[in-house]
Amino acid sequence: MDTTYDVNVWSIRENVGTTAKTYSVRWKVGSRRWKTTFKTAALADSFRSDLLSAARKGEAFDTSTGRPVSMLRASKGMSWYAFACAYVDLKWPRVAATTRRTHAEALTAVTTAMFTSTRGQPDGKLLRAALKRWAFNTARRDDPNCPDDVRSALRWATSHTRPVSALRDPRMLRQVLDGLTVKLDGTPAAPSVTSRRRRILHAALEYAVELELLDKNPMPALKWTPPKTTHGIDRRRVANPIQARMLLHAVGQQRGGRRLVALFGCLYYAALRPGEAISLAKHNLSLPTRGWGELHIERAEPYAGKEWTDSGRNRDQRPLKQRARGEVRVVPCPPALTELLHAHIAEFGVQPDGRLFVGERNGGELPTMTIGRMWRRARQAAFMPEVAASPLARTPYDLRHAAVSTWLNGGVPATTVAEWAGHSVEVLLRIYAKCLDGGDALVRRRVEAALGHVDTHTATDVSPSDEHP
């Protein structure tokens with residue numbers, strides 16, 4: 001536990017909202033500012049007095065929680081709800097908006113398994129929304145405009161949550177972990193979702209150990225088997241080059257689809273992530289009139305939702321994944337993509353800041369719903385009904401999978417593909433190898449030849465030269 005004696009406690013701030021007044025106690029520990037809001041002035045004054053008393057006695061303050069060490073010792077019975085809020089506040093300033101949302105979702109799942117009873121419990125959907133979008137959202141928790149039904153749900157959760165120390169009991173911990181494997185309606189959650197929630201719970205319990213709420217993290221010693229998680233891509237989702245071109249053509253045939261063809265083309269021909277493609281500006285392009293060019297990818301704008309970003313926009317501006325802030329990834333731009341980008345700029349132009357892909361109505365942010373809707377329409381138009389019902393190219397992200405797989409099966413070295421795609425070689429080979437549709441045909445012919453099988457329906461013979469295609 002890191003502590004400091006550099007503490008300043010400021011006066012109480014009165015917050016006037018639309019429904020009621022609240023009172024905030026503000027103080028500073030080291031270089032970090034803290035704030036806790038109370039419903040009454042008396043509660044706020046009492047808390048402030050405790051902080052002042054500890055500071056005057058020369059007591060050390062914990063830099064990770066902002067509280068005096070004596071206050072932490074007295075909080076050994078801290079409820080899981082209060083602890084989860086503290087953990088969210090600890091992580092909030094240093095993580096991406098999408099990670100904030102993921103933390104909130106995982107902590108909501110844990111909290112619903114930590115309730116002491118169901119007596120008087122609010123509607124399950126309302127309670128989960130209140131926890132995820134308000135309690136575990138640092139920016140909104142003290143919002144005076146919080147709806148009354150949400151306030152009521154959170155009051156119930158505050159008074160009906162077990163202490164963190166309850167997780168020492170293996171039965172309780174197993175119950176919590178089992179709760180992470182199901183959705184609100186009781187159906188199984190995806191194994192990847194369970195795995196992510198489990199990692200977040202493990203990290204939170206490590207923090208509980210730091211605060212001395214637990215003697216040790218109880219998860220490693222528990223004999224609990226998580227659902228198996230697959231790391232590979234479902235090969236049925238990966239489009240071959242002909243199917244990918246059919247889909248891009250179908251996008252252009254949809255109403256309003258022409259301005260999205262180049263965006264989807266960036267996913268397929270350059271293996272960009274959707275957030276990277278949306279952030280493209282003209283200065284990121286190094287293109288000849290025709291032929292091979294380069295894309296200089298310098299940032300990503302993943303969708304998170306405005307309630308999770310510091311800017312209040314739906315998309316969060318982030319550095320490239322697995323790279324330091326300011327680092328640029330250079331990706332080759334094939335002739336087909338060069339043609340698509342030139343056609344897009346000629347027809348739709350660029351924004352004053354150089355952006356290529358924006359919304360149709362006001363030139364603002366390109367809605368995620370628009371991208372998804374256009375892709376679904378294109379699949380229905382390009383594929384027969386039985387193919388459209390299959391997993392083939394189910395989401396735009398599957399175009400990226402197809403691009404990486406095509407590069408690998410085309411003989412591009414794994415190190416080069418990893419550099420272009422923004423992956424480590426280990427992740428690349430674990431996830432993307434061997435997922436291009438039809439990649440086993442040559443191997444099967446070799447097996448048939450080894451078994452002495454002669455295919456009378458084709459004139460294809462397997463010769464020693466096939467060993468080196």
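Author: A residue is buried under 20% relative accessible area, exposed over 50%, and partly exposed in between (1.4 Å probe, protein chains only). This is a predicted model, where local features need pLDDT of at least 70 and side-chain atom pairs 80 or more, while totals for chains, interfaces and linings use all residues. Residues are numbered from 1 along each chain as its sequence is written, and side-chain values use heavy atoms, without hydrogens and water.

Reader: Why does Ala271 count as buried?

Author: Its relative accessibility is 0%. That is under the 20% limit, so Ala271 counts as buried. Ala271 is in the loop between helix H10 (258-269) and helix H11 (274-278). Helices are DSSP runs of H or I with at least four residues, strands are runs of E with at least two, and numbering starts at the N terminus.

Reader: What makes the phi of Ala271 worth a remark?

Author: Phi is near 55°, a positive value in a residue other than glycine. Ala393 also has a positive phi, near 50°. Ala393 lies in the loop between helix H14 (385-388) and helix H15 (397-409). At 1% relative accessibility, Ala393 counts as buried.

Reader: How many of the 469 residues count as buried?

Author: The share is 43%. The chain has 18 helices and nine strands. Its C-alpha trace spans about 90 × 55 × 40 Å along the principal axes.

Reader: Why is the pair of Tyr81 and Phe136 called tilted?

Author: Rings of Phe, Tyr and Trp (its six-membered ring) pair if their centres lie within 6.5 Å; planes under 30 degrees apart are stacked, over 60 edge-to-face, the rest tilted. Tyr81 and Phe136 are 6.3 Å apart centre to centre, with 40° between the planes. So the rings pair, and the pair is tilted. Twelve aromatic pairs are found in the whole structure.

Reader: What parts does the pair of Tyr81 and Phe136 tie together?

Author: Tyr81 lies in helix H3 (residues 80-91), and Phe136 in the loop between helix H5 (124-135) and helix H6 (148-159). The pair therefore ties together parts 55 residues apart in sequence. Both Tyr81 and Phe136 are buried.

Reader: How do you know that Tyr87 and Tyr207 form a pair?

Author: Their centres are 5.9 Å apart, which is within the limit. Tyr87 lies in helix H3 and Tyr207 in helix H8 (residues 191-210), so parts 120 residues apart in sequence are tied together. Ring pairs link Trp80, Phe83, Tyr87 and Tyr207 into a cluster.

Reader: Why is Arg361 called exposed?

Author: Arg361 has a relative accessible area of 87%, over the 50% limit, so it is exposed. Arg361 sits in the loop between helix H12 (335-348) and helix H13 (368-382).
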